[in-house]
Amino acid sequence: MTPNERDVILKPYALLRRGQNRWDGWYDVLQKKDRRPIRTFVRVPSPEGFANADLACQAAEILAEWDFERGYGLTRPKR
């Protein structure tokens, strides 16, 4: 399923770790039609964090895709 065929938006982002020069990847799942949150603040499990925000976002995007395809923690919206 391509991103345009989904009823949801997977939104990856990165946050700088407090007191460190390392980044954590996170993602949210939003309903496509009204941007209402379905699942928020899902962190990429990484003990060391990431060297830069781009890598953290890329990891979050990969994890979001993987989680979505397997249905982990996601209740797919009804049509």
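## The two sides of helix α1

In this predicted model, the exposed residues Asp54 and Ile62 lie on the face of α1 that is turned away from its buried side. The buried residues of the helix are Ala56, Ala59, Ala60, Leu63, Ala64, Asp67 and Phe68. Viewed down the helix axis, these buried residues fall within an arc of 160°, so they line one face of α1.

An α-helix has 3.6 residues a turn, so residues three or four places apart point the same way.

## Length and ends of the helix

At the start of α1, the backbone nitrogen of Asp54 has a side-chain oxygen of Asn52 within 3.1 Å. After the helix comes Gly71, which has a positive phi, near 75°.

## Packing and the nonpolar core

Which strands do the buried residues of α1 pack against? They pack against β1 (8-16), β2 (23-31) and β3 (37-43).

The largest nonpolar core consists of 14 residues. Within this core, the residues with the most contacts are Val8, Leu10, Tyr27, Val29, Val44 and Phe50. At least two core residues come from each of β1, β2 and α1, and α1 gives the most, with six residues. In soluble globular proteins, nonpolar side chains tend to be buried together.

Key:
Residues numbered from 1 in each chain as written. Predicted model: local features only at pLDDT ≥ 70, side-chain atom pairs only at ≥ 80, totals over all residues. Heavy atoms only, no water. Buried < 20%, exposed > 50% of the residue type's maximum accessible area, 1.4 Å probe, protein only. Helix = DSSP H or I, 4+ residues; strand = E, 2+ residues; numbered from the N terminus. Arc of directions from axis to C-beta. Contact = heavy atoms within 4.5 Å. Polar contact = N/O pair within 3.5 Å; in protein donor to acceptor, adjacent residues only side chain to side chain. Core = buried A, V, L, I, M, F, W, Y, C linked by side-chain atoms within 4.5 Å.
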